[in-house]
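Subject: Structure handover

Hi,

Here is the structure I promised to pass on to you. Please have it open while you read, and my notes on what turned up follow just below.

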Amino acid sequence: MKKKILAVFTSLIVSAMLFAGCSANFSKVKIKSGFEQDYNYVVKSNGGNAVQYGDYIYFINGTRGYEDTDGKNNVFGKVVKGALYKAKLVGKRDGRDFEADFDPATGLNFVSYKGKVHSYLEEDDEDEEVVDIVDVQVIAPKVIGTSGYKNGGIFIYDDYVYYASPNNTKNKQGTVQVSKTDFFRTKLDGSKTQLIFTTEEDAADKPYAFYKQGDSVYLVCYYGTKIVSVKMTGDKKPESAMVLADNATGALFPTRDFYDSENNITNDPEDFIYYTRDVDENDLQRAGNTVVAMRPDGSERLNVIMNGTTVTLEAVSGGALFYRTTVNTNTVIKMDNLHDVLMDNSPSYKAYEESLEADARRVQIPVEYTTVLSASDMSTYTSLYCFRDNIYANVGHILGFTSSAVYLISNGSQNMRVLNSAATMQFINGNYMYYTNSDGNTLYRTDFTLPDSAKGDAETVADGLVSGGLNADYAAGFVMYFGKVDEWANGYAFFKNMGVEGADAVAVYDRAEADRKPEPSEEETTENTDEAA
């Protein structure tokens, strides 16, 4: 991207500063010996429920919901289930990457120790078997995620982990404001936790993301009609929040799932944030709305002219922006190749340059689109997943989910049925779509590049899932999902190695006190003593 792609953006950013961070003190987290993070690794699966950072996987320790009637369920330092933990992988280093392997002594992919699952019982159960238990370490003892965000939202950059959590303070009426969102960062050595920002309004179902650009990390969040950005540099206190826009009607914050501190290239459409707004007197178009793209700090702002139509943002993938609009009586999903625009490879860029020279108040470029899907009744689809797998090909794809099947659509071509049943998508990895059944308790996968007629039954990955508002995820070659440990503990993290056929899922968790096996009653203890005698 050319360095001259920048607008005079200081006049475009709403001149308002919001409260960011506070003087609250959070207790340090003690990291056990042998569990220190080596920062000379790349980060994979950033932004999800499970993130790999070298020889560790950071994950959400179970799902317990977000209810908090008295403000005591989400106090820092007291949360176990739903908190952020990490587990150490067995394997070997491969440059700045890490390849997981099996421990020949235990058959596990994780560092473990010998013990009894219910060793917390005051009365030791002599009949309980000693097993290999995956060793885990708490990182942030706070409920991770929000009730409207199914992908967890764990971001790691360098020596900090960034995350969201429901607010646990009460309003004047005494109601805990769980729909407001607190944003935090915790240093990976456990020495510091900072409150970054708290939304002024309900934001549990609103998008947010963290971006690393230059030497700083930016939180960007959307609530009400505001797009807010908070800058963090090094160990310094987060700066005051800046309102980048106060007229947003929708927002889309794409994320990169890969981060390399030694090669952090941020010149693609995935490194911009997007929002829609109504047109105003400064716009070339006179009807509909406009899509605004800009950096997380508000710089390099440009406005995509939508030809007088009203659009809804769908996704950014493979350097392209997908959006929904109406053409005549049809609802249409279009793909705009923003990568070429930003990389100075299209006529739109010339229009952009001319706009910049003529009027720096509002940099505007015309849309260049490809129609991917057009339907007279879009309600046929319960959900859509838009993506482009090749930035050099002007071909967009959509997985369209209906009440009875899943179809692959490519640039308006005839639908290819890839699954002859209803499904709820969890994530995509390679050519595989991972999804749950109608009950949500079984996880499957199928190759979405093949028609259902050319393949057998979908592969069952795991049974007994407990969603709790969080999706399954993929990290370090493992599928991570939430399931049942035993009759007392439900909704904890399981990891299944997808590189080994027939591999069993392994519970990786720290049991909360509420999920412990109860102590035997005095009567049961007496009976056991009598039987032993």
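Two strands, β9 (131-134) and β40 (506-507), each supply at least two residues of the lining of the second largest pocket. Strands here are DSSP runs of E with at least two residues, and they are numbered from the N terminus. The top contributor is β9, with four residues. The volume of this second largest pocket is about 630 Å³. In total 29 residues line the pocket, and Val80, Tyr509, Asp510, Arg511 and Ala512 are the closest to its centre. By class, the lining has 15 nonpolar, two polar and twelve charged residues (nonpolar: Ala, Val, Leu, Ile, Met, Phe, Trp, Tyr, Cys and Pro; charged: Asp, Glu, Lys and Arg; polar: the others, Gly among them).

A word on the model and the terms. This is a predicted model, in which local features need pLDDT of at least 70 and side-chain atom pairs count only at pLDDT 80 or more, while totals for chains, interfaces and linings use all residues. Residues are numbered from 1 along each chain as its sequence is written, and side-chain values use heavy atoms, with hydrogens and water left out. On a 1 Å grid over the protein atoms alone, a cavity is a set of points where a 1.4 Å probe fits but cannot get out; a pocket is an open set with protein on both sides within 12 Å along at least five of seven lines, and lining residues have an atom within 4 Å of a point. Volume is the space filled by probe spheres set on the points, which are joined across faces, edges and corners.

Now for the cavities. There are three of 30 Å³ or more, and the largest cavity holds about 140 Å³ of space. Its lining has 16 residues, with Tyr157, Tyr211, Lys212, Arg256 and Asp271 the closest to the centre. Two or more residues come from each of β11 (155-157), β15 (208-213) and β20 (258-259), and β15 gives the largest share, four residues. The lining of the largest cavity divides into seven nonpolar, five polar and four charged residues.

Finally, have a look at Gln37, in the loop between β1 (17-18) and β2 (43-44). Gln37 counts as buried because its relative accessibility is 10% (buried means under 20% relative accessible area, with a 1.4 Å probe and protein chains only). Its side chain makes a polar contact with the side chain of Tyr58 at 2.6 Å, and the Gln37 side chain also reaches the backbone oxygen of Tyr53 at 3.2 Å. A polar contact is a pair of N or O atoms within 3.5 Å; within protein, one must be able to donate a hydrogen and the other to accept it, and residues adjacent in sequence count only if both atoms are side-chain atoms.

Best wishes

Notes. Buried means under 20% relative accessible area, exposed over 50%, partly exposed in between (1.4 Å probe, protein chains only).
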